[in-house]
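Trainee: Could we go through this structure together? I would like to begin with the charged side chains.
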Amino acid sequence: MTKAPLIGIAAGLIAIGALALGYQAGRSQVALAAPEPAAVAAPAIDRTEIEGIVRNYLINNPEVMIEVQTALNEKQEAAQQQASTEIISENKDKLFQSPMDAVFGNPKGDVTIVEFFDYNCGYCKKALPDMDALLKSDPNLRFVMKEFPILGPDSTRAHLVAKSFKTLMPEKYLEFHRDLLGAEGRATEDSAMAIAVKLGADEAKMRETMKQPEIANAFRTNFELAQSLSITGTPSYIIGNEVVPGALGADALAEKISHIRNK
């Protein structure tokens with residue numbers, strides 16, 4: 001918890017107290033204006049005094065600021081989740097059915113996980129065994145891979161090679177994906193191309209396919225979807241109608257899958 005939000009909350013609460021005081025003072029003045037035989041003069045109200053009272057209360061009860069911050073966070077998260085749900089619903093085909101994305105597991109699975117990933121993301125590398133474990137244990141799971149190269153020019157070029165390989169040799173893309181994401185060191189155009197050639201790709205055809213506008217458009221679409229969903233890092237998942245950031249681990253992902261099936 002940073003100090004700045006709490007300071008802002010404290011200032012806001014003091015201001016609210018002062019406003020409330022002003023409201024009460026106004027009511028008192030209205031009441032005094034009415035012709036009442038036994039009218040009593042309203043006591044003088046000092047803004048500085050009431051601010052001091054509120055300040056002292058907050059100092060003596062700091063948990064109030066934490067409660068307010070927690071409530072604010074929960075409200076903002078709920079609003080973001082609602083917005084994400086609507087965006088996911090409006091973009092179902094682009095998110096779950098794009099022919100430019102690789103699909104692992106059961107193409108007709110009852111639950112789909114969408115993963116935004118970068119071949120140079122360390123956490124994506126750690127999440128690779130999680131995907132493999134889930135696909136092995138769950139025959140009705142469908143994984144959609146959204147290539148989202150955000151870690152520099154090397155990532156962009158490596159993903160161009162990956163898209164080209166997927167276009168030309170889709171039946172071997174899972175093997176290519178595991179080899180490139182699971183490799184040590186930084187993924188580059190050269191390292192990705194070496195894996196593609198090792199798996200039987202024709203390098204000349206690969207390089208020609210990399211120029212296709214459909215590939216550039218696919219990346220553009222993925223970036224637009226990520227931006228609309230406030231996805232800024234990898235891996236990030238879409239499970240059901242929820243955006244789930246970070247490498248959660250196989251158990252946490254399995255729990256979310258189970259929750260969807262039990263709805």
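**Charged pairs and packing**

Mentor: Lys 211 and Glu 208 are joined through their side chains in a salt bridge, with N and O 3.8 Å apart. Please keep in mind that this is a predicted model.

Trainee: Is Lys 211 buried or exposed?

Mentor: Lys 211 is exposed, and its relative accessible area is 62%.

Trainee: Which residues do salt bridges with shared partners join into one network?

Mentor: That network consists of Arg 157, Glu 189, Glu 203 and Arg 207.

Trainee: How many salt bridges does the count come to?

Mentor: The count is twelve salt bridges. One of them pairs the side chain of Arg 261 with that of Asp 110, at an N to O distance of 2.8 Å.

Trainee: Which parts of the chain does that pair tie together?

Mentor: Arg 261 belongs to helix H11, residues 250-261, whereas Asp 110 sits in the loop between strand E1 (102-105) and strand E2 (111-117). The pair therefore ties together parts that are 151 residues apart in sequence.

Trainee: And which residue forms a salt bridge with Arg 261 at 2.8 Å, apart from Asp 110?

Mentor: Asp 138 does, and its closest N and O atoms with Arg 261 are 2.8 Å apart. Asp 138 lies in the loop between helix H5 (122-137) and strand E3 (141-147), while Arg 261 is in helix H11, so this pair links parts that are 123 residues apart in sequence.

Trainee: How accessible are Asp 138 and Arg 261?

Mentor: Asp 138 counts as buried, at 13% relative accessibility. Arg 261 is partly exposed, with a relative accessible area of 33%.

Trainee: Changing topic, how many disulfides are there?

Mentor: The count is zero disulfides. As for individual cysteines, Cys 121 is buried with a relative accessible area of 4%, and Cys 124 is buried with 1%.

Trainee: Now the strands. How do E4 and E5 run, and how many bridges join them?

Mentor: Strand E4 (residues 236-239) and strand E5 (residues 242-245) run antiparallel and are joined by four bridges. Within this pair, Ile 239 in E4 stands opposite Glu 242 in E5.

Trainee: What lies between E4 and E5?

Mentor: The two strands form a hairpin with two residues between them. Gly 240, in the turn, has a positive phi of about 70°.

Trainee: And the helices: at what angle do H7 and H8 pack?

Mentor: Helix H7 (residues 173-182) packs against helix H8 (residues 189-198) at an angle of about 145°, and their axes are 10 Å apart. The crossing of H7 past H8 is right-handed.

Trainee: Which residues meet there?

Mentor: From H7, Phe 176, Asp 179 and Leu 180 meet Ser 191, Ala 192, Ile 195, Ala 196 and Lys 198 in H8.

Trainee: One last residue. Where does Met 169 lie, and what does it touch?

Mentor: Met 169 lies in the loop between helix H6 (153-168) and H7. Leaving aside residues up to four places away in sequence, Met 169 touches Leu 199, Gly 200 and Ala 201. The C-alpha atoms of Met 169 and Leu 199 are separated by 9.3 Å, and these residues are 30 residues apart along the chain.

Trainee: Is Met 169 buried or exposed?

Mentor: Met 169 counts as buried, at 12% relative accessibility.

Conventions:
Residues numbered from 1 in each chain as written. Predicted model: local features only at pLDDT ≥ 70, side-chain atom pairs only at ≥ 80, totals over all residues. Heavy atoms only, no water. Salt bridge = Lys/Arg side-chain N within 4 Å of Asp/Glu carboxyl O. Buried < 20%, exposed > 50% of the residue type's maximum accessible area, 1.4 Å probe, protein only. Disulfide = S-S within 2.5 Å. Pairing = 2+ DSSP bridges. Axes fitted to C-alpha atoms, helices over the stretch in contact; angles between N-to-C directions. Left-handed = near helix turned anticlockwise from the far one by under 90°. Contact = heavy atoms within 4.5 Å.
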